[in-house]
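Have a look at the structure first, and then we can walk through it piece by piece.

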Amino acid sequence: MKKFIIVCLAAAMTGCGIYKPYTRPEVSTEGLYGSAQSADTATFGNVRWQEVFTDPQLQSLIEEALASNTDMQSAHWRVEETLAALKSARLAYLPSFNFAPQGAVSSFDLGPVTKTYNIPVTASWQFDIFNALTNTKRKSKALYLQSLEYRQAVRTQLIASVANLYYTLLMLDSQQQVTRETAAKWKTSVETMRSMKEAGMTTEAGVAQYEGTYYSIESSLRDLDHQIRQIENSLCSLLGRTPQAVERGSLAAQRLPEQISVGIPVQLLSNRPDVRASEFALMQAYYATAEARSALYPTITLSGAAGWTNSAGSMIVNPGKLLLNAAASLLQPIFNAGANRARVKIMKAQQEEAKLSFRQTLLNAGAEVNNALSQYQSARSKSDLRAKQIEAMERAVESTELLMQHSSTTYLEVLTAQQSLLSARLSQIADRFDEIQGIVNLYQALGGGRETDTETKKK
């Protein structure tokens, strides 16, 4: 009968979650990528960042950022903090020992002085019958694992941020080069228009229009210079540098992966650091609830002391004698049971909030993958169209310039054609940047940039 009661009690406590380990809630990943749904098990996020970003100067900047960025260093110390908390939770299983010597000098009515002393070593050991210590340890482990994913999230974000800023600089450099070349051509055109005015082939209005456009292009060069300085300063901030020029390559020389696979949606659960961190937060909430339930049950503690003393009741003996005592205590909450039950309800509510947050994080991750892939595909599909547009606008500029010199075509048609050509060339550069940025964003959205085992061992 006793055995039956013990089994029933154990089953009841297991059912109420004191002993039951965490299991991931059922989450549907069907359609998570939207139109980008894939059944391919390979994923772009598993590729090492060195294989994605092959520009040597960019690789050097990423390595510098990983070593010097303050957010990355803060994330490292956060991991150390949670690791220490986990070690502390594991040590709670062991008995605690304290050395507590005591001494006293007393005299009654100015009588002889009496000296007493106790030199005990006390010990205390809590039995983890109802998994209070185990749930605390599991919660600490989940917090530690979450901190690892937080560091990974910072790492992934840092790699993507450095890459995006670097490619932004390359885009601005290319736009600056195109604008500078255009400004030089416009300066020549202004001089030509002045010569034509002197020859009576055009009017002052035409010269003024060309001059105004030329000054507008020169003004845009100043804007590009300012934008380049701002991006360089932002990049230096990530690198832990003071503001300075950043050495870099060219946009035309960039070579990025051509074949991209997003993998199956469920892989986000194992790749994305924010999704994993959100699940570890749910795991913490689960074990916090179990820990709160454990407080409803008795706590059994063994304690004892061993040492020397010269105080034996009413007698004082010299030299001292061996002191030994042992005790066991059982603490069952009575008057604070209501508060403990309320704490269980609070933890349960927080657990449900964490579950909703986990599901929403997964949905956000799927949307980011879809957005990044759409950005990449859209920019790439415009590449051939933009090249044909530029070719057509170059013919238009050449034709209108010839017509203006030898027929009745006005300077406004030439002006419009040249401005359209400049706009098309700048758009072509922006399209290439969007394509590259789409790859960077997709790599980040799929949880790329994870530490390798070799990198982890170096820390």
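## The chain as a whole

Among contacts between residues at least 6 apart in sequence, 83% join residues at least 24 apart. Keep in mind as you read that this is a predicted model.

The chain contains 12 helices and five strands. Of its 459 residues, 39% count as buried. The chain exposes about 25500 Å², and carbon and sulfur atoms supply 56% of that area.

## Helix H8

Let us turn to helix H8, which covers residues 273-294.

How many of the 22 residues of H8 are buried? The count is 18, so H8 is largely enclosed by the rest of the structure.

Two packed helices are described by the angle between their axes and the distance between the axes.

Take H5 to begin with, the helix of residues 132-198. The axes of H5 and H8 come within 8 Å and cross at roughly 165°. An angle over 145 degrees counts as roughly antiparallel, and H5 and H8 are therefore roughly antiparallel to each other. H5 passes H8 in a left-handed crossing.

Now for helix H9, residues 337-381. The axes of H8 and H9 come within 8 Å and cross at roughly 170°. That makes H8 roughly antiparallel to H9. This crossing of H8 and H9 is left-handed.

## Two residues of H5

Gln152 is found in helix H5. Is Gln152 buried or exposed? Its relative accessible area is 5%, and because buried means under 20%, Gln152 counts as buried. Leaving aside residues up to four places away in sequence, Gln152 touches Pro273, Gly449, Arg450 and Glu451.

Arg180 and Leu221 are 41 residues apart in sequence, while their C-alpha atoms are 7.1 Å apart in space.

Note on methods: Residues numbered from 1 in each chain as written. Predicted model: local features only at pLDDT ≥ 70, side-chain atom pairs only at ≥ 80, totals over all residues. Heavy atoms only, no water. Helix = DSSP H or I, 4+ residues; strand = E, 2+ residues; numbered from the N terminus. Expected span 1.5 Å × (residues − 1). Buried < 20%, exposed > 50% of the residue type's maximum accessible area, 1.4 Å probe, protein only. Contact = heavy atoms within 4.5 Å. Areas by Shrake-Rupley, 256 points an atom, 1.4 Å probe, with all protein chains shown as cover. Axes fitted to C-alpha atoms, helices over the stretch in contact; angles between N-to-C directions. Parallel < 35°, antiparallel > 145°, perpendicular 65-115°, else oblique. Left-handed = near helix turned anticlockwise from the far one by under 90°.
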